[in-house]
Amino acid sequence: MGQQQGDEEREFDLKWADGAEHKEPSARARMLAARWKENPPEPTPFRGEPEGVGPRRSSWISTVIVLGSVAAVIVLLGYADFRAP
């Protein structure tokens with residue numbers, strides 16, 4: 001019975017805390033607010049380009065690499081079956 005009463009009290013405390021009108025910001029939020037007050041961050045676009053990305057290969061080069069790899073595997077498997085007694 002003691003465990004159940006403790007759970008009910010904990011649930012009441014959580015509901016009471018969630019229903020509070022004023023919630024104190026987290027430590028991280030306070031830290032960022034203090035930092036940004038003196039040195040605001042630069043605006044960043046939504047889903048901006050990642051930094052350090054090299055030039056992309058064209059799609060036909062990727063296709064040639066994949067098809068060449070598949071052809072090489074097929075040839076190797078055929079050669080292995082041909083050599084097997």
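What is the mean pLDDT of the protein, and what share of its residues reach 70 or more? The mean is 80, and 80% of the residues get to 70 or more, with pLDDT being the predictor's confidence in each residue, from 0 to 100. This is a predicted model, so to speak for its local features takes pLDDT of at least 70, side-chain atom pairs count only at pLDDT 80 or more, and totals for chains, interfaces and linings use all residues. Residues are numbered from 1 along each chain as its sequence is written, and side-chain values use heavy atoms, with hydrogens and water left out.

**View 1. Three helices, zero strands.** Along the sequence the pattern reads α-α-α. Helices (H or I, at least four residues) and strands (E, at least two) are DSSP runs, numbered from the N terminus.

**View 2. The surface of the protein.** Roughly speaking, there's about 8900 Å² of accessible surface, 60% of it on carbon and sulfur atoms (Shrake-Rupley method, 1.4 Å probe; for residues, only the protein chains shown count as cover). Of the 85 residues, 1% are buried.

**View 3. Glu24 and Arg30 pair up in a salt bridge.** Their closest N and O atoms sit 3.1 Å apart, and the structure holds one such bridge (a side-chain nitrogen of Lys or Arg within 4 Å of a carboxyl oxygen of Asp or Glu). Glu24 counts as exposed because its relative accessibility is 60%, while Arg30, at 40%, is partly exposed (buried is under 20% relative accessible area, exposed over 50%, partly exposed in between; 1.4 Å probe, protein chains only).

**View 4. Ile61 in helix 3 (residues 59-83).** Ile61 is partly exposed, at 31% relative accessible area.
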